[in-house]
Amino acid sequence: MLGSVLSLFVLCAPSGAQQPAAAQARPRAPQAGALEIGDPYFPGLGNGGYDVEHYTLSLDYDFEGDELTASAGIRATALHDLASFSLDLYGLEVAGVRIDGQDARFERPPVPAGADGKPQPPSELVITPSAPIAAGASFQAEVRYGGRPHGRPDPAVPFLPGGVGWFRMESGVYVVSECIGAGSWFPCNDHPRDKATYSFRITVAKPYTVAANGIRTEVVEAGEARTFVFEARDPMASYLATLNIAEFSELEAKGPRGIPVVIYHPVDATQAELADFKRQPEVLEFLETVFGPYPFEAAGGVLSYEKIGGALECQTLPVYGRGSNLEVIVHELTHQWFGDCVSPDLWRDMWLNEGFASYSEWLWTEHTEGKAAYEQLAKRSYAELRKRKTGAPFDPGVARVFSGRVYQRGAFVLYGLRQEVGDESFFRILKTWVETHKNGNGSTEAFVTHAAKTAGRELQPFFDAWLYADVTPAQPELEPPPAPAAGKAGG
Ligand code: ARG
Ligand code: ZN
């Protein structure tokens, strides 16, 4: 676009036009796409120079041999003239790369040994097409790869020794990638800023079955092998893509407006274990009243055979560790609006995910048990935040992305905001936030601006105290009432 305006200018320029202007108009040589997207918490993560629209992941997994044979089709648009570009891919071996059907050169830049002296697998795949890709052009990359996938260490989850991403366990394979694990199983632009739609074609031998995001459109049988085809047509951040391979049973229900709800669960799951999962339509209906329409084409989840360190809000298909209860289900379903539909702009904005999902647990309590129970939760949380001197929710630092600062103080920001602006404005702020940023990203700054605009008043002092300041604001009405004097006790 810019190029054609410039050449028009050169063509129309009077003969006396200055040479330097024309020289400046000459397009720059094609550049390498940036090796990272620019998230300060994760140097090297994500990539620049292109935007992915669709991933087609064809995976053949030999369960007994723990061996993956795969191809990833990546349809993307170049954001500038590209001499080369990179994808995030952690370990695994690449057999070949094609761009628009032409063989392309590729390298896996070596990664220096870690602090412990251990060699580290490569984490990038740098691709040089046979000819540069023009700015604005749509292109199709095909990466043939495979090997034995491993979880990737993630500085945001120091409490998970196996890292994030692909986990091969006794009972099956589970994929839980937040924040940086997507590259452990497919080459991608691994950052929430680059959302895309996905097709999955996953082949495994019987008796294993597959659960992935979106809607299962087909199961192709070929002897002992079955290929499970899933289409995820709502744009999705890479960390929310999931694949689960185990012997699953299924439970089906209908959500709001007929949205299909599928729960994949262990064949030996008891009715008691499944009872809370069966309440998902009811939970979704309630959440719609507070956040607006459920944003995706499908809902449900995977109840894993394993504990897997909690749960993750994978889009349309949260993955739950065994033992997860209704509180966790409310939390992960809330993430479908906050985190999945509206994703953080940078990982420092995590309170926009976890603060909202945690606060929603309080809303569910208010809905099912009443206002006094809700206030009780706020009091308890307040006492803890003050006692522990929990710091500010925004920009907690990479090692505290999953900490009380983000979850509890994040929830407390919303509790305070509701008090500050009243129910009518508060719920309008939440609903219009989702509408405005649907299938995109939101930053903390944008939320602060949005809240003030929607409420029609100045909120900077409120956010300065509740969101940005390290001290939890004093709330005398949340202090426990003074202990009764000894003489009056029981009287
Ligand atoms: N976002 C998840 C939740 O709050 C936590 C995921 C932690 N695990 C991980 N692998 N990052 O429900
Ligand atoms: Zn969460």
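In what sense, parallel or antiparallel, do E3 and strand E9 (residues 138–147) pair? E3 and E9 pair in the antiparallel sense, over 10 bridges.

## Basis of the description

This is a predicted model, in which local features need pLDDT of at least 70 and side-chain atom pairs count only at pLDDT 80 or more, while totals for chains, interfaces and linings use all residues. Residues are numbered from 1 along each chain as its sequence is written, and chains are lettered from A and ligands numbered from 1 in the order in which they are written.

Helices (H or I, at least four residues) and strands (E, at least two) are DSSP runs, numbered from the N terminus. Two strands pair if DSSP finds at least two bridges between them.

## Domains

The chain is divided into domain 1 (30–245), domain 2 (247–336) and domain 3 (347–478); these bounds come from an automatic or database domain assignment. The centres of domain 2 and domain 3, taken over C-alpha atoms, are separated by 24 Å.

Between these two domains, 10 residues of domain 2 are in contact with 15 residues of domain 3 (contact: C-beta atoms, placed from the backbone, within 7 Å). On the domain 2 side, helix H4 (280–291) and H5 are the elements that give two or more residues. H5 gives the most, with 5 residues. This side divides into 5 nonpolar, 4 polar and 1 charged. Here Ala, Val, Leu, Ile, Met, Phe, Trp, Tyr, Cys and Pro count as nonpolar, Asp, Glu, Lys and Arg as charged, and the others, Gly among them, as polar.

A residue is buried if 20 or more other C-beta atoms, placed from the backbone, lie within 10 Å of its own. In E9, the bridge partner of Leu68 is Gly147.

E3 also pairs with E2 in the antiparallel sense, over 12 bridges, and Tyr50 has Ala78 in E3 as its bridge partner. The hairpin of E2 and E3 has 4 residues between the strands, and Asp66 takes a positive phi near 50° there. Strand E2 (residues 50–62) runs parallel to strand E12 (residues 196–205), joined by 7 bridges, with His54 opposite Thr197. E12 in turn pairs with strand E15 (residues 225–236) in the antiparallel sense over 9 bridges; Ile202 is partnered by Phe228 in E15.

## The open sheet

Five strands form an open sheet in the order E17-E18-E19-E21-E20, with mixed pairing. Strand E17 (248–254) and E20 stand at the edges with a single partner strand each, so one side of each is left without a neighbour in the sheet. Strand E18 (residues 260–266) and strand E19 (residues 299–303) run parallel and are joined by 4 bridges, and the bridge partner of Ile263 in E19 is Gly301.

## Surroundings of ligand 1

Ligand 1 is surrounded by 14 residues, the closest being Val157, Val164, Val176, Glu178 and Leu312 (C-beta atom, placed from the backbone, within 6 Å). Strand E20 (311–312) and helix H5 (326–335) are the elements that give two or more residues to this shell. The shell draws at least three residues from each of domain 1 and domain 2, and divides into 7 nonpolar, 3 polar and 4 charged.

## Helix H8

Of the 18 residues of H8, 14 are buried, so the helix is largely enclosed by the rest of the structure. Just after H8, Gly422 takes a positive phi of about 90°.

How values were computed
Buried ≥ 20, exposed ≤ 12 C-beta atoms within 10 Å, placed from the backbone.
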